[in-house]
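User: I am new to this structure. Please walk me through the terms used for it.

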Amino acid sequence: MEAVLVGRPNAGKSLFLINFADYLGLRGLEGGAAGHRRPRGGGLSELRRKFVSPVPNRVREPLAATVSLSAGPAGGISLVLRDTVGIPAHGVPEGEIRRAVAQGLAQLLQATFIFHLIDVSPHAVPTPAEEAVDRELHLLAQQIAPSLILANKAEADLGGSRVRRLKELYGPTSVLPVSALTRLGFRDVKHWLVEQLALEPP
Ligand SMILES: Nc1nc2c(ncn2[C@@H]2O[C@H](COP(=O)(O)OP(=O)(O)OP(=O)(O)O)[C@@H](O)[C@H]2O)c(=O)[nH]1
Ligand SMILES: [Mg+2]
């Protein structure tokens, strides 16, 4: 089972992946210099240094983490969290980034669950073109797998106006406010996953 993370550049996908994997219980890693080892000690800060950056699309290496999800008496269920490259709103440049974006969309097709991250911090108010990318991504995600919009950086959305706007656009149950940084909302995301698993046919 795979939960694939998608969104525009800088939405916070990589930081969410690393911190949510830590929250759920990290079992193993794919990608980057970390290989398949479970990081010890400074491992997670090393990953953050490597994969998290305010520069959009800086890292194109795939990152995936296997986590353990405890879902009732059935015990631990293994889930892979998979990062993808941010999808830019203003044309995808030639070359490596274009290939990585295409690869990310291909990975989306394999998803069991989709987390679509949208940055709701005040300095990321979207242009109409950016909002259009999120709308299309949402429509696509919904057709592929159970999906959830994670309104990320919610700790910076003072007054909650950006989260309210997303709930108006996509429906209140499709949007969860989270913070990859402060781990706000992580419990709700875990509950959503557990609920989805319980609904899946055996
Ligand atoms: N304040 C705040 N900053 C965050 C949060 N999540 C991520 N960031 C910051 O946002 C920037 C982008 O984070 P990344 O995790 O690299 O974003 P990304 O979606 O993986 O970006 P691309 O790989 O370029 O698509 C970094 O500077 C992070 O530290 C959050 O919840 N709150
Ligand atoms: Mg990233």
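The questions below take the terms one by one.

User: What kind of model is this, and how are residues numbered?

Analyst: This is a predicted model, in which local features need pLDDT of at least 70 and side-chain atom pairs count only at pLDDT 80 or more, while totals for chains, interfaces and linings use all residues. Residues are numbered from 1 along each chain as its sequence is written, and side-chain values use heavy atoms, with hydrogens and water left out.

User: How many helices and strands does the protein have, and what counts as one?

Analyst: The protein has 6 helices and 7 strands. Both are DSSP runs numbered from the N terminus: helices are H or I with at least four residues, strands are E with at least two. Along the sequence the pattern is β-α-β-α-β-β-α-β-α-β-α-β-α.

User: Why is H123 called exposed?

Analyst: Exposed means over 50% relative accessible area, buried means under 20%, and partly exposed lies in between (1.4 Å probe, protein chains only). H123 has 69% relative accessibility, so H123 counts as exposed. H123 sits in the loop between β5 (113–119) and α4. The C-alpha atoms of H123 and D157 are separated by 9.8 Å, although the two are 34 residues apart along the chain.

User: What share of the protein is buried?

Analyst: Buried residues make up 50% of the 202 residues.

User: What makes a set of residues a nonpolar core, and which residues have the most contacts inside the largest one?

Analyst: A nonpolar core is a set of buried Ala, Val, Leu, Ile, Met, Phe, Trp, Tyr and Cys residues joined through side-chain atoms within 4.5 Å. The largest has 34 residues, and F16, F115 and L150 have the most contacts inside it. Helix α1 (residues 13–24) gives the largest share of this core, 7 residues. A second, separate core has 14 residues, including I97, A100, V101 and A141.

User: What does L150 touch?

Analyst: Contact means heavy atoms within 4.5 Å. Leaving out residues up to four places away in sequence, L150 touches F16, F115, H116, L117, I118, L176, V178 and V189.

User: Why is α1 called roughly antiparallel to α2?

Analyst: Axes are lines fitted to C-alpha atoms, for helices over the stretch in contact, and angles run from 0 to 180 degrees between N-to-C directions. Angles under 35 degrees count as roughly parallel, over 145 as roughly antiparallel, 65 to 115 as roughly perpendicular and the rest as oblique. The axes of α1 and helix α2 (residues 43–51) cross at roughly 170° and come within 9 Å. Therefore α1 is roughly antiparallel to α2. The contact is made by S14, L15, I18, N19 and D22 of α1 and L44, L47, R48 and F51 of α2.

User: What makes α4 oblique to α5?

Analyst: The axes of helix α4 (residues 128–144) and helix α5 (residues 161–170) cross at roughly 50° and come within 12 Å. That angle makes α4 oblique to α5. On the α4 side the contact is made by E131, D134, R135 and H138; on the α5 side, by R165, L169 and Y170.

User: Why is N10 called partly exposed, and how do you know the class of R183?

Analyst: N10 has a relative accessible area of 28%, so N10 is partly exposed. R183, at 29% relative accessibility, counts as partly exposed.

Definitions and conventions:
Chains are lettered from A and ligands numbered from 1 in the order in which they are written.
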